[in-house]
Amino acid sequence: MRLRDFADKLGLSPTTVSRALAGYPEVRAKTRLRILREAARYGYRPNSAAVGLATGRAGAIGVIFDRAMQSHSVEFIAGVGEALVECGSELSVAPLASGSEERDVEACDRLVKSGRIDAAILCAPVTGDHRLMSMQEQGLPCLLFGRASGYPLHAWLDIDTTALTRRAVDYLISLAHRRIAMINAPSDQYLSGRREAGYRQALHAAAISYDPEIIANGDLTETNGFLFTRAFLNLPTRPTAIVTGTTESALGIYRAARSCSLIVGRDLSVVAHDDRLAAMRAEHMDPVLTSTRASLRCAGRRAGELVLKLIAGQPADTVHEEWRAEFFVGKSSCQYHDQADKKEGNC
């Protein structure tokens, strides 16, 4: 059914119908509800080209992510899609992971200028993010998943990584651990600084000295989890506990411990953040991982809802939302015993 035919059935103009289906706030709630009900009854789905001509909108949201979210992108995008499907919007996914900041900025700039999206969700922003600057210059509504220093007027959704990291380190300190290593995200990411702030706060409160020798920054992959942990375990005085930001990284820690004849949950304590990925959750690991928890899929859905509010005209500086993570005690953490850091493995 064409847009005009559907509008004629309702006795309304095609523009009014298109604007109602696209979520424009100027369409009265009663009219929008009637249009939505009739669309469901007739099984009507608007043609995106027709809606674009009637409303001046592309009918699509861009999700932009880089290498830091490649492995997690499917879960987040699925959540965004759940929010957008209810209003008939579509997704345009832009994985910017060339390894070159200049090429990634150019690709983002082309997407913004193409007119193919009405707004964007920018994941894992970095300090001085030029992709964000490009969108700002073009006047494109943008929601940050995460935050970036120097952009107080932008809309954002974030998980309180400072608090969740402090909670993890506080817990390990309560188990008498004092040499606690951290595997963190790349240092140019804003969340990396927030995670380190939580780590330092916990150490300071317990009068434990900060030791850069047991801090590592890099993509939170299984491979890096393994390599960084092997390096930690070969130190003259190795850490007795490690905190990290993903279950993938924790899997690498587990593998490194086994390769050094150490048992996680006895010789080495591990706490990680669990994004509740379908394929890799804390409870699926052996031993069950002690973790902070926040669903990436739920965050994606909420990001989709918030970006629709931006399109509808809500001021960006009023869209700021921070989530707290849950804490789950598994079997990968244990009370420190005074021989743990002296136990020699076969690294």
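Predicted model: local features only at pLDDT ≥ 70, side-chain atom pairs only at ≥ 80, totals over all residues.
**Figure 1. The salt bridge between Glu321 and Arg302, and the network around it**. The side chains of Glu321 and Arg302 meet in a salt bridge with an N to O distance of 3.0 Å. This pair links distant parts of the chain, since Glu321 belongs to strand S11 and Arg302 to helix H12, 19 residues apart. Through salt bridges that share partners, Glu82, Arg297, Arg301, Arg302, Glu305 and Glu321 are joined into one network.

**Figure 2. The salt bridge between Glu322 and Arg194**. Among the 21 salt bridges counted in the model, one joins the side chains of Glu322 and Arg194 at 3.0 Å, N to O. The pair connects distant parts of the chain, with Glu322 in strand S11 (residues 320-323) and Arg194 in helix H9 (residues 190-205), 128 residues apart. The two partners can be set side by side by accessibility: Glu322 is partly exposed, with a relative accessible area of 38%, whereas Arg194 is buried, with a relative accessible area of 13%.

**Figure 3. Arg238, a buried residue with no salt bridge**. Arg238 is placed in the loop between helix H10 (222-233) and strand S8 (241-244). Although Arg238 is buried, it has no salt bridge, and the nearest side chain of opposite charge, that of Asp267, is 5.5 Å away; this lies outside the 4 Å cut-off for a salt bridge. The backbone oxygen of Asp267, however, lies 2.9 Å from a polar atom of the Arg238 side chain.

**Figure 4. The largest nonpolar core, with Leu289 among its members**. In soluble globular proteins, nonpolar side chains tend to be buried together. The largest nonpolar core of this model has 37 residues, of which Val169, Ile180, Tyr199, Phe232, Val243, Val270 and Leu289 touch the most other members. At least two residues of this core come from each of helix H8 (161-174), strand S6 (180-184), H9, strand S7 (215-217), H10, S8, helix H11 (247-259) and strand S9 (269-274). Neighbours within four places in sequence aside, Leu289 is in contact with Thr247, Ala250, Tyr254, Val270, Ala272, Ala282, Phe328, Gly330 and Ser332. A second, separate core of 26 residues includes Val63, Leu143, Ala294 and Val307.

Figure 5. Leu164 counts as buried, at 7% relative accessibility. Leu164 and His273 are 109 residues apart in sequence, yet their C-alpha atoms are 8.1 Å apart in space. When neighbours within four places in sequence are left aside, the contacts of Leu164 are Ile159, His273, Thr292 and Ala325.

**Figure 6. The aromatic pair of Tyr199 and Tyr210**. The structure holds three aromatic pairs. In the pair shown, the ring centres of Tyr199 and Tyr210 are 6.2 Å apart and the ring planes stand at 80°, so the arrangement is edge-to-face. Because Tyr199 lies in helix H9 and Tyr210 in the loop between H9 and S7, the pair ties together parts that are eleven residues apart in sequence. Tyr199 counts as buried at 1% relative accessibility, while Tyr210, at 28%, counts as partly exposed.

Notes. Residues numbered from 1 in each chain as written. Heavy atoms only, no water. Helix = DSSP H or I, 4+ residues; strand = E, 2+ residues; numbered from the N terminus. Buried < 20%, exposed > 50% of the residue type's maximum accessible area, 1.4 Å probe, protein only. Lys, Arg positive; Asp, Glu negative; His and termini not counted. Polar contact = N/O pair within 3.5 Å; in protein donor to acceptor, adjacent residues only side chain to side chain. Core = buried A, V, L, I, M, F, W, Y, C linked by side-chain atoms within 4.5 Å. Contact = heavy atoms within 4.5 Å. Phe/Tyr/Trp six-rings, centres within 6.5 Å; stacked < 30°, edge-to-face > 60°.
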